[in-house]
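Hi,

Here is the structure I promised to pass on. Have a look at it first, then read my notes below.

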Amino acid sequence: MTPNSASAGPSRRSFLASTAVAAAAVAGGMPLLAACGDSDGGSRDGTTSGKDAKKLLPAYVASNVVTPDIAAKNGSAIGFTGKLDLATLKTSVTKKLGKGGKVTIMSPFWGSPPKSNNAYYKGMNDLIGVDVVWQNQDGNTYDQKLGAILASSDIPDVVVVPGWNMGGKIPTAIISKFADLGPYLSGDAVKDFPNLAAIPTDSWRRSIFGGQLRGLPMPAPWAPSITPLYRQDIFEKEGYEVPKSCDEFLALAKEITNPKAKRWACLDMKWTAFQAFGVLSGSEKPLGWNLVDGKLIYRIETDEYLEALEWSRKLFEAGVVHPDSKLGKNAPDPGPKFAKGEFLIYPSNISQWYSRTTEQAAQNPDFKVWGMDVWGHDGGNPTMWAEQPAGIFAFVNKKASESVIRDVLAVANVTAAPYGTKEYMMTNYGVEGTHYTVKDGVPTKTDQGNIDVLNAFVMVASPAATIAHPDYPEVAKAQVEWEQRMGALTKKSSFWGMQITEPNRYTNLGNDMEQMEDDVVRGRKKVSDMQQWISDWKSKGGDGLRDWYKKILDENGSAAN
Amino acid sequence: MSHSTVPRSRAEAETTEKTPVASGGATGSRQKRRPEKLSLWLRFRRDRVLLLMTLPAVVLILLFNYVPILGNVVAFQDYDPYISGNGVVSMLHSPWVGVENFQRIFADSAFWSAVQNTLVLFFLQLLLFFPIPILLALLINSVVRPRVRAFAQAVLYLPHFFSWVLVIAVFQQLLGGAGLLSQVLRQHGYDGLDIMTDPDTFKFLVTAQSVWKDAGWGIIVFLAALASVSPDLYEAAAMDGAGRWRRMWHVTLPALRPMIALLLVLRVGDALTVGFEQILLQRDAVGPGASEVLDTFVWWNGVRNQDFGYAAAAGLVKGVVSIGLVLAANKVAHLMGEQGVYKK
């Protein structure tokens, strides 16, 4: 499927669905403790940066295994557009590091999990030398299980936690329940695991929780990740033009919509609206804060935020949004209805550009999905805000023995192998012959490959963000180029790149924000209700949180340039 | 079981001493009617085998129904289950906040909106749902041919065995904005209906779903009650010239009355529980404003947001109100001359 693990995991609609409630994480390095700790009563909140972070971070040793066809630029992934030659695949893990122990891993899973003893899991376990046992949980409702499992005394050896599931008290849980990997990875120690040493430092910095290196990161491009995808084949047939402003979009949407023929223009466009209006990122709480004229403001306090919601609401009012979108998170998977042409545009994680393409390739040869450039709301270039350079982490149980931790790192060292290696092919495509076949340099997954090789190992740790689709090189090229064009219009907000844990007493602040947004956009609440909610937010702690963030900024400076 | 009665005579005092748990509140006149009292020890010896047999059930109830009640202590804490490896240890170490959670609840408009939704839904269901199984039972009872009767019963029972996920998916496919009904309407030049996502009519929708799924199942107890009505009564009534309606009014319904009263009491006790799964599945479709009930409120705050202390406090409030409702409903049943759930 996606040879890019960064996009494999969060690609499903959960990525959009789960949104903004992602609190972030962590910790007080010593100086911070002194600064913020006392007043907010705890050593768990804050961040670790500068010298303190440097001591924890693994050394960076670039991987020279393969050279990408398109180098990373403006926060994009690296791209590969060439053919695949099995004969020239490199070996990045020269000796089996696993000691044959058993490791249980709980991870979010989007789709139907395969049998636990399938050929893919067996093949990976043989390659690594560890007996990995998977506990796959539904990714769309992962946040509902995570809290309960972390509260129990029976936590798996490894737990994968996406950033957007770090709401409520989850950051506290991460700090108290998971092991410090520093002794195995900080500084030169990481050189025992060459593929982990090649993970960019930005991603590792995000893995410091509670003043210790706890996470194994899945690096992500910081360029915008949400793309308005559209049915290019139908656009071409009907002569529709890709819109260049919000007004043009609305006009086009009205032209497209014809309920009688069961066709609507789009799904909920809230996420694209946020980009078009230049609203600060909502994928993680700290990203939503930015210093403007010496004062920190939060995304929901800006005019742009309300304007974006208002415009999204206008689409619903105009009746151009597919009725399924009214169902919110309970809406069915958009894939089949998008394929049927019931709607032509929807915002999604960029990885679906590729996955929708392959899904329909066999039965629907005319089907062509493409990504629109995000437009500025008034027709100019939009200003967008950078995403975090790592958003999904694997953590090791604090109670795990040293041998288990070493086995986990052996797993991660294989899954983090770069494109062009045997380990990468095994991790992302499975066993040759069983899970995929190669014809003319194009690997194609078999039916069994589509069942077995899904999520799982790609969730543990990944190489630097990579896009490589030998079967659709033009899609890979377009994806990387889209990221580079959009990345050029992207700025970094004040807390970009930092892993910050908010104090406990603020963690429930904003829990209902996403509900409010959806209520307003769907016309169930008024924009003035949202304004009221925002002013309540300020008085219930938002202003206190502002001061708290200001202290962090004063202490640490900004990681963004 | 009160022990408040002062013994009036020496003889009575002795009896009281010997039987400390005997119904002390019984007055002399009541006691006279009762058969001779056995001492606790004698009764224990007599019933020891029976008591032994109830032991496993008692242990289970203690373990799973009573011990967890102690967990309600988190309602008075800012409970953080993650500060230690064990939930109980965390309970001991979480900061004590007294009644702060309760103060927050009573000041929380979302809580009151959940209470309001719960009560509105309860009364709607009482009005629109409760009578339907009775009517259906009367209808089925009047069908004479066994085959038709069995078939009708099977059709009515079946939806009870569907999961809520399935029921809601079916409703969505038929009545949703992109569903069958809307599409047919649109093709004939009308506007589509959006029954599934209209917050104003959501409570009727939920009630309709409950009726569709469970009304058939609810007729079972009424059919059983109807089966116990002696045919002689009908014959006698018919002899006296009572028509169909009179027989129903004067024979059938009085026979059902104790059952209706019992179920009503039970239903009222459950008033604050109006369908967790069903509503959770549709919460996002209409927004929490119209759909949040107490159970989903507790779930959202506790499990989803890990604000366990707050959620526990809300659950506790619900429990206390529910007890009050059961007692009140039971009292009403007694006033109506029915047995109710229990009698002192």
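Let's start at one residue: leaving aside neighbours within four places in sequence, A:Cys266 is in contact with A:Ala253, A:Leu315, A:Val320, A:Val321, A:Phe343, A:Leu344, A:Ile345 and A:Tyr346. Contact here says that two C-beta atoms, placed from the backbone, lie within 7 Å.

Before going on, some housekeeping. This is a predicted model, where local features need pLDDT of at least 70 and side-chain atom pairs count only at pLDDT 80 or more, while totals for chains, interfaces and linings use all residues. Residues are numbered from 1 along each chain as its sequence is written, and chains are lettered from A and ligands numbered from 1 in the order in which they are written.

Back to A:Cys266: together with A:Val411, it touches the most other members of the largest nonpolar core, which has 158 residues. Such a core is a set of buried Ala, Val, Leu, Ile, Met, Phe, Trp, Tyr and Cys residues joined through C-beta atoms within 7 Å. Buried means 20 or more other C-beta atoms within 10 Å of a residue's own (exposed is 12 or fewer, partly exposed is in between; C-beta atoms are placed from the backbone). Helix α17 (residues 402–415) of chain A gives the most to this core, eight residues. At least three residues come from each of domain 1 (24–67 + 93–223 + 388–461) and domain 2 (226–386 + 494–556) of chain A; the domain bounds come from an automatic or database assignment. Apart from this core lies another, of 35 residues, including B:Phe122 and B:Ile279.

Next, a sheet. Four strands of chain A form an open, mixed sheet in the order β9-β12-β8-β13. β9 (264–266) and β13 (369–371) stand at the edges with a single partner strand each, so one side of each has no neighbour in the sheet. Strands β8 (residues 226–231) and β12 (residues 343–349) of chain A run antiparallel, joined by five bridges; pairing takes at least two DSSP bridges. A:Tyr230 has A:Ile345 in β12(A) as its bridge partner.

As for chain B, domain 1 covers 10–75 and domain 2 covers 100–335. Their C-alpha centres lie 37 Å apart.

Cheers

Conventions:
Helices (H or I, at least four residues) and strands (E, at least two) are DSSP runs, numbered from the N terminus.
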